[in-house]
Each structure stands twice: as structure tokens, then as C-alpha cells.
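Student: Please take me through this structure by question and answer.
Tutor: Look at the sequence and the model first, then ask.

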Amino acid sequence: MREPTHKSGQAGEDQRFMHAALREAGRGALEMEVPVGAVVVKEGRILARAHNRPISTRDPIAHAEILALRRAARKLGNYRLNECSLYVTIEPCAMCAGAIVHARLKQVVFGARDPKAGASGSAQKADCVEVCRTCSKISSTVESSSRAGATSAATGAV
Ligand SMILES: [Zn+2]
């Protein structure tokens, strides 16, 4: 899990996809939801997009990240999203961080830290989140690190 990079090349991609996530967040705001948006990207194309919907769906787990991951998995016909990146407007919570690990995403880019619920070190620390923090520095190790996180979660270490 990392914040948007400012390196040339990757920065343009990060900005483009973060803008798409922000547009989703705006849709959430119009629906009186907490304005969080997310997009799942594969090979430079947006595969799925979603915004927070817990209020309208009366579903406590209808966070933008969860909905976007579900849509992407449905499109690919596989819950493993190893070739995909998730762009989300705010640091994922612990629930979404767990889903991110299980989806085996290549990388996660978030727009702003969340001191209230951010699970990438801002508010909470779980084993899987420690893994994500490592990923924020070296995104190419995300896949192997995610497997390690999934293993520690399975053994009850989280
Ligand atoms: Zn969440």
C-alpha cells in the first residue's frame, strides 16, 4: 500500500486513476454516503469502479474498496487480482486491508491518510497491514508479501 508517487511516468498514471476514484467519491457524496471512491486497474485500464454505499444498501461492509474488488473479480472470473492495482481516495480500513490481502492485489495507492480508521499505520496495525506498509516502499514485492499476510491471517496472527 502506498501513497501516489511523484516520479515521472508513474505519476501521470497515478493521477489519472486517482481522479477516477475521486469522481466515484463525488458520486458517493451525492448519495449522502461517506465520500470514498475506488477503482481497480489492470494493464492501464479501469476494470471496476465503486463508491461507498453502506447507507443506501444497509450493508456495513459496502465500502468502496470491497465493492470495486467484487466487481473486478466478477469481471475476471477470479478472486485473485494479482495483475490489478487498487486506487482509493483514502487509506483503507482494517476490513478493506484484509480484503486487499485476500485479493492478492499487485499494489494499492491511496490518496490521503485516515487518522481515524486507516489500517496502513495511521490508526491501526495488523499483521496484514505491516505487510502493506512494506509494499508501500517496494511495490514489486506486493504479491509475495500478500501471500505472507494471508498466511499470518490464516494462523490467527491478525
Ligand atoms: Zn474499508
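Student: Does Arg-104 count as buried or exposed?
Tutor: This is a predicted model, in which local features need pLDDT of at least 70 and side-chain atom pairs count only at pLDDT 80 or more, while totals for chains, interfaces and linings use all residues. Residues are numbered from 1 along each chain as its sequence is written. A residue is buried if 20 or more other C-beta atoms, placed from the backbone, lie within 10 Å of its own, exposed if 12 or fewer, and partly exposed in between. Arg-104 has 20 C-beta neighbours inside 10 Å, so it counts as buried.

Student: Where in the chain is Arg-104 found?
Tutor: Helices (H or I, at least four residues) and strands (E, at least two) are DSSP runs, numbered from the N terminus. Arg-104 follows α4 and has a positive phi, near 60 degrees, although it is not a glycine. Its place is the loop between α4 and β4.

Student: Is Arg-58 buried or exposed?
Tutor: Arg-58 lies in the loop between α2 (54–57) and α3. Its phi is positive too, near 55 degrees. Most residues other than glycine have a negative phi. Arg-58 has 8 C-beta neighbours inside 10 Å and therefore counts as exposed.

Student: How many helices and strands does the chain have?
Tutor: From the N terminus on, the elements run α-β-β-α-α-β-α-β-α-α. The chain has 158 residues, of which 41% count as buried. Its elements are six helices and four strands.

Student: In what order do the strands stand in the sheet?
Tutor: Two strands pair if DSSP finds at least two bridges between them. β1 (residues 37–42) and β2 (residues 45–51) pair in the antiparallel sense over six bridges, and five bridges join β1 to the antiparallel strand β3 (residues 84–90). The open sheet of four strands has mixed pairing and the order β2-β1-β3-β4.

Student: Which strands stand at the edges of the sheet?
Tutor: An edge strand here has a single partner strand, so one side of it is left without a neighbour in the sheet. The strands at the edges are β2 and β4 (107–112).

Student: Which residue of β2 is the bridge partner of Val-41?
Tutor: Val-41 pairs with a residue of β2, the strand that is joined to β1 in a hairpin with two residues between them. In that hairpin, Glu-43 takes a positive phi near 50 degrees. Another pair across these strands is Gly-37 opposite His-51. The partner of Val-41 is Ile-46.

Student: Which strands does helix α3 touch?
Tutor: Helix α3 (residues 64–76) packs on the sheet, and its direction makes about 140 degrees with that of β2. Angles run from 0 to 180 degrees between N-to-C directions, and axes are lines fitted to C-alpha atoms, for helices over the stretch in contact. The strands that α3 touches are β1, β2 and β3.

Student: At what angle do α3 and α4 pack?
Tutor: The axes of α3 and α4 are 9 Å apart. Glu-65, Ile-66 and Leu-69 in α3 meet Cys-96, Ala-99, Ile-100 and Ala-103 in α4. The two helices are roughly parallel, because angles under 35 degrees count as such, over 145 as roughly antiparallel, 65 to 115 as roughly perpendicular and the rest as oblique. Their packing angle is about 20 degrees.

Student: How many of the 10 residues of helix α4 are buried?
Tutor: Among the buried residues of α4 (residues 94–103) are Cys-96, Gly-98 and Val-101. The helix is largely enclosed by the rest of the structure, because the buried residues number seven.

Key: Contact = placed C-beta atoms within 7 Å.
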